[in-house]
Amino acid sequence: GVIIMANEVAEEKDYTTAISEWNNTFTNLIARDYKAVGVEFDDYSKKCAMEAMTSIYQLVKASDKVDMNGLDTSNLREVIEHCASLKLNASAFPRECYFQLRSKKIGNNYVQTVEMGVEGAGNDAMLRNFGVGVEQVYPYWIVKDGDYFKYPKRKGIEIEPPEWEEKGLSQKCVRVVYPVKVNGEVTYLIAERDSVKINLLAHVKQNLMNETFGICENRYKATDKQKKEIEAKKQEIYAALRKCSTVDEMLECEIAMPYMSGAWLDTPESMIQRKMLNNATKKFPKNYNAMAKKASMEMDETYQQVQEEIEVNANQIPFEDMDDDAEVVDGEIVEEQQTLDLGGAE
């Protein structure tokens with residue numbers, strides 16, 4: 001028994017040592033990034049960075065796919081920095097953010113990257129920490145199908161508050177409501193289930209970024225003819241998704257399902273709810289410092305797609321071949337709004 005205990009103690013010690021080594025490395029890197037933009041790396045941001053590192057370490061330890069050294073380091077630094085900058089605490093209860101591992105194809109190789117998302121309580125925290133004039137964030141309402149709900153009504157400058165009565169007829173969430181006290185007045189931030197269609201479309205677009213449908217070995221080696229074939233396949237998938245009238249229909253869209261991650265397919269209801277909460281709080285004006293602003297922008301799915309598209313198409317686009325709707329701004333190509341601006345999909 002003594003030997004087993006000694007082994008456990010040694011393992012525990014290795015684990016703690018490993019986490020603190022990773023923590024030190026990333027804390028130093030992130031401190032440097034903060035200093036570069038002149039933002040103070042305060043104690044709470046440091047705590048959030050450490051909690052993120054610990055959570056990711058545990059996630060990787062529990063996975064049989066990868067060890068810490070096999071992770072994409074720049075992605076890891078970015079994710080931890082996002083938690084620090086937006087002051088999202090991975091160990092808070094209820095959860096403010098979550099992490100999952102995701103395979104990403106780079107050239108011919110797959111690397112494991114860490115994906116971070118904001119949970120309901122994380123939206124509360126961001127509203128409290130950065131919302132302009134926010135004094136209090138009240139618990140959000142999850143309005144289910146069949147519940148009685150009356151929208152807020154404006155009479156001049158007065159707001160008649162919304163009304164909600166739970167009936168317990170269904171588990172399906174149709175809208176979320178965030179009551180927030182702003183400069184002494186309570187305002188209601190509302191998002192509907194339908195708003196999530198844009199998020200899911202953005203998610204599929206992002207997952208299709210490296211997809212070649214077996215037409216060629218990888219996207220970097222595609223000939224012009226193959227590129228057109230690949231693009232036509234993608235457009236077919238987007239068209240099928242756009243035809244769906246609800247997010248629930250989209251989740252059953254056969255042609256697009258292979259490009260949806262497990263989180264959407266295995267627990268659709270909680271994913272839809274999570275996105276609705278993000279959508280409700282997203283448009284509220286925030287007073288971000290330089291680091292938080294950068295984090296918020298980098299976490300936006302639309303922004304990530306545009307960056308990846310710019311990277312893929314760098315110096316490859318012949319100008320005469322451009323879309324009629326595309327315009328050139330500051331030497332960068334701005335496509336037709338509909339394709340890139342997915343309404344600020346989270």
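Predicted model: local features only at pLDDT ≥ 70, side-chain atom pairs only at ≥ 80, totals over all residues.
**View 1. Asn279 and its polar contact with Asn199.** Asn279 belongs to helix 9, which covers residues 268-282. Its relative accessible area is 14%, so Asn279 is buried. The side chain of Asn279 makes a polar contact, at 2.8 Å, with the side chain of Asn199.

**View 2. Packing of helix 4 against helix 9.** Two packed helices are described by the angle between their axes and the distance between the axes. For helix 4 (residues 120-130) and helix 9, the angle is about 15° and the axes are 9 Å apart. Because angles under 35 degrees count as roughly parallel, helix 4 is roughly parallel to helix 9. The crossing of helix 4 past helix 9 is right-handed.

**View 3. The aromatic pair of Phe213 and Tyr259.** Eight aromatic pairs are found in a search of the whole structure. One of these is formed by Phe213 and Tyr259, with 6.0 Å from centre to centre and 75° between the planes, an edge-to-face arrangement. The pair links distant parts of the chain, the two residues being 46 residues apart. Phe213 is in the loop between helix 5 (196-207) and helix 6 (224-243), whereas Tyr259 is in the loop between helix 7 (247-250) and helix 8 (262-266). Phe213 and Tyr259 are both buried.

**View 4. An aromatic cluster of Trp141, Trp164 and Tyr188.** The view shows these three residues, which form one aromatic cluster.

**View 5. Charged side chains over tyrosine rings: Arg274 with Tyr98, and Lys205 with Tyr238.** The charged end of Arg274 is placed over the ring of Tyr98, at 3.9 Å from the ring's centre. Lys205 lies over the face of Tyr238, and here the distance from the ring centre is 4.9 Å.

**View 6. Asp67 in the loop between helix 2 and helix 3.** Helix 2 spans 43-61 and helix 3 spans 73-85, with Asp67 in the loop between them. Is Asp67 buried, partly exposed or exposed? The relative accessible area of Asp67 is 45%, so this residue is partly exposed. Tyr57 is ten residues from Asp67 in sequence, and the C-alpha to C-alpha distance between Asp67 and Tyr57 is 8.9 Å.

Notes
Residues numbered from 1 in each chain as written. Heavy atoms only, no water. Helix = DSSP H or I, 4+ residues; strand = E, 2+ residues; numbered from the N terminus. Buried < 20%, exposed > 50% of the residue type's maximum accessible area, 1.4 Å probe, protein only. Polar contact = N/O pair within 3.5 Å; in protein donor to acceptor, adjacent residues only side chain to side chain. Phe/Tyr/Trp six-rings, centres within 6.5 Å; stacked < 30°, edge-to-face > 60°. Lys NZ or Arg CZ within 6 Å of the ring centre and 35° of its normal. Axes fitted to C-alpha atoms, helices over the stretch in contact; angles between N-to-C directions. Parallel < 35°, antiparallel > 145°, perpendicular 65-115°, else oblique. Left-handed = near helix turned anticlockwise from the far one by under 90°.
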